[in-house]
Amino acid sequence: MGMLISNEPDFMIHDVLHYQMFGQDLYLTTTTVGMWIVTILILLIAVLANRTLKKASDVPGAFQNALEYAYEMLENMAKSILGGNSKRFMHYIGTIFLFILFCNLSGLLGLRAPTADFGVTFLLGMFTFFIVNYQGIKNRKVRHFTSLFEPTPILFPINLIGELANPLSISLRLFANLLSGVIIMGLWYGMMPILLDVGIPAALHLYCDLFSGCIQTYVFCMLTMVYINDKLE
């Protein structure tokens, strides 16, 4: 939840660049910049990981150990929910896990976390929604739709709302938790004397960025797998 030190609280999304294309006003925001930086970091780590694993040895170095340990943790997490189907979704779960985690931790680099923008978390929720419903139609065929009328047709509106609320709830949960951290840090840097802006905020960053960021990443991925598993009957 990085903020510029100023005399006023600052936790808003700001325009970095304004331009026009095809007669439309377009804006390059702090969210866009943050996502570019996160994407570049992930790509760099992916390239390094690929080179390291191609040259993997029986006596692994620190980086290879870290990669293998991270993969095992992700694999165990997926197996605990998806069981034998975990390999089918490992790429997607691993991708959103890394993306959300790096976005959440970007506050440690002085950036405004992209996941504190509902436009980002909503799209992540919609990706989950489409995958869940695709699996439902693929595995349950017509029953994917008829199940909305169970155990009685009277409950159809409630069941439908429940299905539509899933992507909205996980996106709002991620967004709200990250935004609260951004607001807390913005209020601290904007309202506290400059002498209190050194050292003390480290504890707040530790909770808002590191602890909360890791927990919310885990929760989003776990709920995604729970929703997918529900459609794999």
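This report describes helices, salt bridges, backbone geometry and a surface patch in one predicted protein model.

Because the model is predicted, local features are given only where pLDDT is at least 70 and side-chain atom pairs only at pLDDT 80 or more, whereas totals for chains, interfaces and linings use all residues. Residues are numbered from 1 along each chain as its sequence is written, and side-chain values use heavy atoms, with hydrogens and water left out.

Helices (H or I, at least four residues) and strands (E, at least two) are DSSP runs numbered from the N terminus. Helix α2 covers residues 62-82, and its 21 residues reach 30 Å from the first C-alpha to the last, close to the 30 Å expected at 1.5 Å a residue; the expected span is 1.5 Å times one less than the number of residues. Its buried residues are Q64, L74, E75, M77, A78 and L82, where buried means under 20% relative accessible area, exposed over 50%, and partly exposed in between (1.4 Å probe, protein chains only). These residues cover an arc of only 160° around the axis, which puts them on the same side of α2; the arc is that of the directions from the helix axis to the C-beta atoms. An α-helix has 3.6 residues a turn, so residues three or four places apart point the same way. The face of α2 turned away from the buried side carries the exposed residues A62, Y69, N76 and S80. On the buried side, the packing partners are α1 (30-54), α3 (86-105) and α7 (201-230), contact meaning heavy atoms within 4.5 Å. Just after α2, G83 takes a positive phi of about 60°.

Helix α4 (118-140) has 23 residues and reaches 32 Å between its first and last C-alpha atoms, close to the 33 Å expected at 1.5 Å a residue. Among its buried residues are V120, L124, F129, V132 and R140, and what covers the buried residues of α4 includes α1, α3, α5, α6 and α7.

**Salt bridges**

Side chains of opposite charge can pair when their charged atoms come close. With a salt bridge taken as a side-chain nitrogen of Lys or Arg within 4 Å of a carboxyl oxygen of Asp or Glu, the count comes to three.

| Pair | N to O distance |
|---|---|
| K79 and E75 | 3.9 Å |
| E150 and R143 | 3.7 Å |
| K231 and E163 | 3.1 Å |

K231 is buried, with a relative accessible area of 4%, while E163 counts as partly exposed at 21%. K79 and E75, by contrast, both lie in helix α2, four residues apart, about one turn of the helix; K79 is partly exposed at 42% relative accessibility, and E75 is buried at 19%. In the remaining pair, E150 is partly exposed with a relative accessible area of 38%, and R143 is partly exposed with 35%.

**Backbone geometry and helix α6**

Most residues other than glycine have a negative phi, and most peptide bonds are trans. A cis peptide bond joins E150 and P151, with omega about 0°, and P151 is found in the loop between α5 (143-146) and α6. K141 has a positive phi of about 55° although it is not a glycine; K141 is placed in the loop between α4 and α5, and it is exposed, with a relative accessible area of 52%.

Helix α6 (residues 156-191) contains G190, which counts as buried at 9% relative accessibility. G190 and E163 are 27 residues apart in sequence and 41 Å apart in space, C-alpha to C-alpha.

**Nonpolar surface patch**

V16, L17, Y19, M21, F22 and L26 make a nonpolar surface patch of about 610 Å². Patches are made of residues with over 30% relative accessible area and no salt bridge, with like charges joined within 9 Å and nonpolar side chains (Val, Leu, Ile, Met, Phe, Trp, Tyr) within 5 Å; the areas come from the Shrake-Rupley method with a 1.4 Å probe, and for residues only the protein chains shown count as cover. Strand β1 (residues 15-21) supplies the largest share of the patch, four residues. F22 is found in the loop between β1 and β2 (24-29), and it counts as exposed at 78% relative accessibility.
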